[in-house]
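Here are my notes on the model, point by point. Please read them with the structure open.

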Amino acid sequence: MKLLVLGARGMLGSDVMLAAENAGHEVKGFGHRELDITDADAVMDRVTLERPDVVINCAAWTDVDGAEDEFDKANEVNGAGAGHVAHAAAAAGAKVVYISSDYVFDGTKKTPYVETDQVGPVGAYGKTKLAGEIATAAGNSRCFIVRSSWLFGVSGPNFVDTMLRLGKDHGEVLVVRDQIGSPTYTWHLAYGLTRL
């Protein structure tokens, strides 16, 4: 199977590339500098040229706090960009996988969220990821939307690395304690995405 990975140079995308290659798939990947998903024409041209069976969209605005200050930029990537990818994949006859986030929920549920739970993002980042889910589903009926949380891996900065660094440098680290999450190792997610 031929896979096209967008956001292939990021923490998750680089692991998806490796997992897909290890599974025996033909894989081609592009990072942001090579293909900006906010450019609808460029995305259409690239997907049409590559003719993949599946497009895995790992490209994302991941700065949760920054999305509050730069909502339009974050939404252009996570919302509109996701729609461009889904539409181009559909035009090429390919399936599309969109990586979303648990931030599409309001965080008030006391038990684990499931796929059928009502969405209701409270922050800008969650709103942009929900926009991406909607744009992906509207742009390609052959889509998979995968909600992940608290990613950490070897190919990029993440919460775990930050906490280890701060603990080493400062001895005492002050962080919020009103959040509960499920840290997700990018290699495990990449393996699951490749199987999907």
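1. Ser149 counts as buried because its relative accessibility is 10%, where buried means under 20% relative accessible area, exposed over 50% and partly exposed in between (1.4 Å probe, protein chains only). Ser149 lies in the loop between E5 and E6. Not counting residues up to four places away in sequence, Ser149 touches Asp102, Ser182, Pro183 and Thr184; contact means heavy atoms within 4.5 Å.

2. A note on the basis. This is a predicted model, in which local features need pLDDT of at least 70 and side-chain atom pairs count only at pLDDT 80 or more, while totals for chains, interfaces and linings use all residues. Residues are numbered from 1 along each chain as its sequence is written, and side-chain values use heavy atoms, with hydrogens and water left out. Helices (H or I, at least four residues) and strands (E, at least two) are DSSP runs, numbered from the N terminus.

3. Trp150 sits in the loop between strand E5 (143–148) and strand E6 (151–152). Trp150 has a positive phi of about 45°, although it is not a glycine. With 28% relative accessibility, Trp150 counts as partly exposed.

4. Arg51 also deserves a look. Its phi is positive, about 50°, although Arg51 is not a glycine. Arg51 is found in the loop between helix H2 (40–50) and strand E3 (54–57).

5. Helix H6 (residues 159–170) has twelve residues, which should span 16 Å at 1.5 Å a residue. The expected span is 1.5 Å times one less than the number of residues. The end C-alpha atoms of H6 are 16 Å apart, which agrees. Just after H6, Gly171 takes a positive phi of about 75°.

6. How do helix H1 (residues 11–22) and helix H7 (residues 186–195) pack, and at what angle? The angle is about 50°, with the axes 8 Å apart. Axes are lines fitted to C-alpha atoms, for helices over the stretch in contact, and angles run from 0 to 180 degrees between N-to-C directions. H1 and H7 are therefore oblique to each other: angles under 35 degrees count as roughly parallel, over 145 as roughly antiparallel, 65 to 115 as roughly perpendicular and the rest as oblique.

7. Ala190 is in helix H7. At 0% relative accessibility, Ala190 counts as buried. Leaving aside neighbours within four places in sequence, Ala190 is in contact with Leu12, Asp15, Val16 and Ala19. Ala190 and Val16 are 174 residues apart in sequence, but 4.5 Å apart in space, C-alpha to C-alpha.

8. H4 and helix H5 (residues 124–139) pack at about 15°, with their axes 8 Å apart. H4 and H5 are therefore roughly parallel to each other. The crossing of H4 and H5 is right-handed. By class, their contact has nine nonpolar, nine polar and two charged residues. Ala, Val, Leu, Ile, Met, Phe, Trp, Tyr, Cys and Pro count as nonpolar, Asp, Glu, Lys and Arg as charged, and the others, Gly among them, as polar.

9. The axes of H2 and helix H4 (residues 71–91) come within 9 Å and cross at roughly 35°. H2 passes H4 in a right-handed crossing. The contact of H2 with H4 has eight nonpolar, two polar and no charged residues.

Note on methods
A crossing is left-handed if the near helix is turned anticlockwise from the far one by less than a right angle, and right-handed if clockwise.
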